[in-house]
Amino acid sequence: MVSILGISAFYHDSAACLVVDGEIVAAAQEERFTRVKHDHSFPLHAARYCLRERALTADSLDYVAFYDKPLLKFDRLLETYLDYAPSGFSSFLKSMPLWMKEKLWMPDLIRTELAKTAGDDDDRAAKKQGKKFQWKLLFGDHHESHAASAFYPSPFEEAAILTIDGVGEWATSSIGVGKGNEITLLKELRFPDSLGLLYSAFTYYTGFKVNSGEYKVMGLAPYGEPKYVPIIKDKLLEIRDDGSLKMNHEFFSYSQGLRMTNGAFARLLGGAPRKPESRITQREMDLARSIQVITEEVMLKMTKYAYKETGMTKLCMAGGVALNCVANGRVLREVPFEDIWIQPAAGDAGGALGIALAIWHRYLGKPRLSPEKTGTWQRGSTSQNNGRSSPLPAYADSMKGSYLGPKHTEGEIEEFLKSRQLPYKKYSREELPAVIASLLASGKIIGLHQGRMEFGPRALGGRSIICDPRSPQMQAAMNLKIKYRESFRPFAPSVLREQVADWFELNADSPYMLLVADVAASRRRNITPEEKTLWGIDKLNVQRSEIPAVTHVDYSARIQTVRREENPLYWDIIEAFGKKTGCPVVVNTSFNVRGEPIVCTPEDSYRCFMRTEMDFLMLETCVS
Ligand SMILES: [Fe+2]
């Protein structure tokens, strides 16, 4: 048996992943355990959980692998600061102590931290490090880790690979090819030109948090007009035919400092950045739309180029920008790839999974039995297959639906509920779906905690809040009573895979909520002339379809398709709701409140339930 622990840490969203004999056994982000959103510290709790999943101890591991090369990153920082000296000097001084203290001493640090998984305190762990562990410590390359996370778990035997994010060591995006167990990187775009950092610059400028507010910018875009596209193209950057960028760095300050954009950027776009939490105006909506238009253009060019250059018919993607599901939807529709697969933990957390699989397949040379080759997967995404009339082809990547985190047993849950003297009713597994479906149909909002926790930023029916999408009031109610967040953002639907084409302009698997498509024309409602005159956020309250709670102002929806083999209980609940109401769709939003990580344990779920105005809490088969 060969066990490999992959680790990503110290930048954004730390995570650990355990791979045993090539199988992804467990993966989780550190934030879920420490309750610190996007926690970037060493993923001690996540590593401890991963080891527990196979009853391993840190000293029984064969390999520990870190997802990038700290020394290369250090080189990049040093060179960049020297290039831009003296303007970058203050941020150089600020980041230096951390680099000297932690990041450059990575091997010792990793050994010391992993010693703590056995419960040792700092001193004892420090004494042990290096003496006890037999495992080999390896370091990957940032974009190779992303590429590995995109290709190895995918269903494809061979595919083009595209990674796009902010920045790793030097690369900001890369194009490669995966074949069998080999990955070859063909081309990369290098810092400081970066689509991820460009999007982040506009995220900062429109008053949202860099590295987490990008989703809000994407949600805001449909309200705006692409007014700023000409000026962006004229002054800020050049988009080449292969999708690579040449940015004008006179307007950006991320190379030198702690801010993304500078005074010249503000003068060019006519004002200072919006202050976080202040009112959102039409201007921010227009800026959001403009940068989204640019991003889609770049991603379409990059993927078309990858199609041409690699000669591959399938595409795999990872990196933070691959979470831009509006752009992904367009890639699926407009680029001639037959199929695309996107790593659900596309951001840096997924690097832990990528490097662990890269050690197994590339370093150890172990073969990869892709589902496509073994015949357990066939292309299920083309329009000729309507799931209702014919059985669906199997869809088998090796991500296990991304349900790779902790599960809590019925026993643990009942013990918890009893210890807190919380009233609950336990149902049989058979009766539970109909009970939950009835509650949903009567307008109740339900916190759902069942099965293993999801790996990656989306809740997929393991730690979700669900409700009825047909209700015109539901969107506002959920935002105000549960999520406490900006009301412009739409909710996402979970729909039975078999019936997705009846409700949306999509007949493909989208198990990880990474594709956006329109609500089916037959489900839309005509808009009155008065409703047409509304603008900005008022547009949101217009009922546009039979499922208004998940229909965005441009009729789009961020879809999760659910298959019974991936998540039987969730599928059964949606099916029961469909039987009762004729609508096999539920609203699915992550089980958390604004600013907090998604819940992990029954206790987290209960605490979140109590803090909000949710109606019911379902902990496995116990309903409270
Ligand atoms: Fe990255």
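The model is predicted, with local features needing pLDDT of at least 70, side-chain atom pairs pLDDT 80 or more, and totals for chains, interfaces and linings using all residues. Residues are numbered from 1 along each chain as its sequence is written, and side-chain values use heavy atoms, without hydrogens and water.

Q: Which protein donors does the iron ion have?
A: Donors are N, O and S atoms within 2.8 Å of the metal (3.2 Å for Na, K and Ca); water is not among the atoms, so sites may look incomplete. Here they are His-142 (NE2), His-146 (NE2), Asp-165 (OD) and Asp-348 (OD), 2.0 to 2.3 Å from the iron ion. Their spacing along the chain is H-x3-H-x18-D-x182-D.

Q: Where do His-142 and His-146 lie?
A: Helices are DSSP runs of H or I, at least four residues, and strands are runs of E, at least two, numbered from the N terminus. Both histidines sit in helix α7 (residues 142–151), 4 residues apart, about one turn of the helix.

Q: Are His-142 and His-146 buried or exposed?
A: Buried means under 20% relative accessible area, exposed over 50%, partly exposed in between (1.4 Å probe, protein chains only). Both are buried.

Q: What does the lining of the second largest pocket have by class?
A: Ala, Val, Leu, Ile, Met, Phe, Trp, Tyr, Cys and Pro count as nonpolar, Asp, Glu, Lys and Arg as charged, and the others, Gly among them, as polar. This lining has 11 nonpolar, 4 polar and 9 charged residues.
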